[in-house]
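Visitor: Could you walk me through the model I have open here? I would like to begin with one of its chains.

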Amino acid sequence: MRGAAATEKRGMRELGAEKLVGWDEVTHGVVINSFEGDAANIASLTSEERIYSDFNSYTATVASWRVVKPVYNRDICIDCQNCWVWCPDTSIISRDKQMLGIDYDHCKGCGVCVEVCPTNPKSLLMFIEAEENDSALSQWPEKKKKEKE
Amino acid sequence: MVEIRWHSRAGQGAVTGAKGLGDVVSTTGKQVQAFALYGSAKRGAAMRAYNRIDDEQIINHEKFMYPDFVLVIDPALAFTDNITDNDKASTKYIITTHLSKEDLIAQIPSLQERKERVFVVDCMKISLDTIGRAIPNTPMLGAFVKISGMFELDYFLDRMKKVLSKFPQKIIDSNMDAITTAYNTVK
Amino acid sequence: MAEKYEINQTEVWDGNYAAAHALRQAQVDVVSAYPITPSTPIVENYGNFVSNGYIDGEFVMVESEHAAMSGCVGAAAAGGRVATATSSQGFALMVEVLYQASGMRLPIVLNVVNRALASPLNVRGDHSDMYLGRDAGWINLDAFNAQEAYDMNLCAFRIGEHLDVRLPVMVHQDGFITSHTAQNINPLQDEDAYKFVGVYQPVEEMLDFSKPVTYGAQTEEDWHYEHKARQHSALMRSTRVIDEVFADFKALTGREYKRVESYMMEDAEVAVVALGTTVETLRQAAKELRKEGLKAGVIAPRCFRPFPFDQIAEVCGDAKAVCVMDRSAPGGAMGAMFNEISAAILATGKRPLVTNYIYGLGGRDFSVDEAKRIFKEQKAHADAGHITTQIQQFSGLRGPRLGFFESKRS
């Protein structure tokens, strides 16, 4: 997963584990810089390409908050972007309207993406955190037949 | 220090008159103060405006004063307001009225022992005849110039023109006319 | 480019008009305002100047004073030179956002045309609004007349925008007594004034797209205290810049300002401390009393915040009696300035007899005669060697004598 690779590169820290500094070192006016260096071009870069500042919440991970996780099945997905729209933590990675997967650094496992997935069977399903994704994909359910009235 | 108290109704231009006088006086190198007691008063309510004129910077900010001149620009206020408040033995009164000086003094007891220091001018009629509206502040300036002897009329008119320079020529001319008429008719 | 405004060497302006011209000459980018008596003409004239091409700026009309200061915060965070004006109830509604502005270190200039706080409703001058905002983390400069309202505005931009300060600045003037009293004023020409104020230097501006920033972050117990300490430190240390700016202003205009103004204090036996126009009325009284042989002096904190704790004690000199006058209803305490002056004196070895007068509430006139009476009362304290009245008294109040607390000193 690209999201996982990006995590290693950035060296994610646990959210809340800031280095506490003295009054003479805190930022001027509690102003927080979002990025390191010149960010004039930031809108044209993907989140993986951006260099976020230490104060940006993007550099903190909430992976350990999760008990269950969504697993994504490319074979069934129709790239409708419903999950991307609904995810409250912008943890669905999509490029050019093509679904790439889950950002497991920022996903809290709320399951909203699974709720809103319209395919049959769903292209996203919740599994317990300990389950390997390959193993999860091998257990994917079959298409459900519509029950006749 | 010369101190002046204006008695007016809100909307008759006492504040503008006091500030206009201040503007003119400042061009002579003197220090001035122009202020008023007003606030939430409605148009028509009795109000007072004040001037202080001195050679040194004026640092006294009290509203209280013993006026050297009392300028009454509304005809009725001479009757209803206490225009002789805190006056001195030398305080001069310039009152706008259509009455003769004798008739006015006869009707206002407080003026009877001050009649040597009372002067009358009909600012309402003058402003209606010259400016076309009942704005009695400008004629009062003309009367004040005459009674105070503080300036030559031509000098005052010249300075006043500069103060009014942003207005159309017609308005400047009618104001000059009002000042001159009042200067010539105050008695 | 804005048009040049023709200005005479001497103008007869009231405090409001003088302040409006200072905003024009500083070429303030944004005024976000909700006009209120007696401060209205300041923002009204700014709008006028913008419409007539004398300022390249924007007047933003909003729906309340809370929104007015919020607009100022937004515009200042975006990177503009920002100012506004208010009074009394409007100031009270602004208070929440005043703390935001100082916490975000935005050098906004706020003209406070001091007016009483309701109830009862009153449009005239006292210092209730000034006192209400005194802990809001702003620099507070006080003007005693219309000329100073102009001068302090020009200085305010220089001080607040200095890179070592970056704090908002209030310029106080007395409602009506200064704001609506026209007096001789010697303004600077436009180019000289702008040169003094300088080109605005933005810091962490939100409209710099190459460096996106977040303003108004939340900090809980792990961060908040450190941020407030840094802010307080900047405010306390702004004194160096204030002194520098006042020195530069003197070099330019010949008009000298100090963080504490003292008048005939060198050999004063008795002193009175006050703010606003009262300072000048007291000087008039002191000058007259000196002719009668009473060694009277006047002390006035030009800079109410940061409070000149050390300088106050210094200028008190060897005065035997010091009276502190508070023009704000004290709400169940001694007057706020009495407390601060007393504390400043207490830090020295000297023990003058310090008393408190509440006065001038809701615009009640303060006369030269009353000022003289108060000086003479101080002389009576000094001669007796103890406070001969109650410690807190009320000047110019009708009805039975009102006062609180007896001195236990002998």
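This is a predicted model: local features need pLDDT of at least 70, side-chain atom pairs count only at pLDDT 80 or more; totals for chains, interfaces and linings use all residues.

Visitor: What does the secondary structure of chain C come to?

Guide: Chain C has 13 helices and 17 strands. Its radius of gyration is 21 Å, close to the 22 Å that the globule rule gives for 410 residues, so chain C is as compact as a globular protein of that length.

Visitor: What does the C-alpha trace of chain C span along its principal axes?

Guide: The span is about 70 × 55 × 40 Å. As for burial, 54% of the 410 residues of chain C count as buried.

Visitor: Which domains does the assignment give for chain C?

Guide: The assignment gives domain 1, covering 11–253, and domain 2, covering 260–404. The C-alpha centres of these domains of chain C lie 28 Å apart.

Visitor: Now the neighbours. How many residues does the contact take from chain C and from chain A?

Guide: Chain C gives 20 residues and chain A gives 17 residues. On the side of chain C that touches chain A, β9 (213–214) and α8 (224–236) of chain C are the elements that give two or more residues. The largest share, four residues, comes from α8(C). That side of chain C divides into eight nonpolar, five polar and seven charged residues.

Visitor: Which strand of chain A is joined to β9(C), and in what sense do they run?

Guide: Strand β2 of chain A, residues 32–33, is joined to β9(C) by two bridges, and the strands run antiparallel. Within this pairing, A:Asn33 stands opposite C:Val213.

Visitor: And chain B? How many of its residues are in contact with chain C?

Guide: There, 19 residues of chain B are in contact with 19 residues of chain C. On the side of chain B that touches chain C, α1 (14–26) and β2 (31–37) of chain B each supply at least two residues. The most comes from β2(B), with six residues. By class, this side of chain B has seven nonpolar, eight polar and four charged residues.

Visitor: Which strand of chain C pairs with β2(B)?

Guide: The partner is strand β8 of chain C, residues 182–185, which pairs with β2(B) in the antiparallel sense over two bridges. B:Ala34 stands opposite C:Ala182 in β8(C).

Visitor: A last topic: where is B:Ala106 placed?

Guide: B:Ala106 is in helix α3 of chain B, residues 101–107.

Visitor: Why does B:Ala106 count as partly exposed?

Guide: B:Ala106 has 13 C-beta neighbours inside 10 Å, and therefore counts as partly exposed. The cut-offs are 20 or more for buried and 12 or fewer for exposed.

Visitor: How far apart are B:Ala106 and B:Met65?

Guide: B:Ala106 and B:Met65 are 41 residues apart in sequence and, C-alpha to C-alpha, 27 Å apart in space.

Methods. Residues are numbered from 1 along each chain as its sequence is written. Chains are lettered from A and ligands numbered from 1 in the order in which they are written. Two residues are in contact if their C-beta atoms, placed from the backbone, lie within 7 Å. Ala, Val, Leu, Ile, Met, Phe, Trp, Tyr, Cys and Pro count as nonpolar, Asp, Glu, Lys and Arg as charged, and the others, Gly among them, as polar. Two strands pair if DSSP finds at least two bridges between them. The radius of gyration is taken over C-alpha atoms; the globule rule is 2.2 Å times the number of residues to the power 0.38. Domain bounds come from an automatic or database domain assignment.
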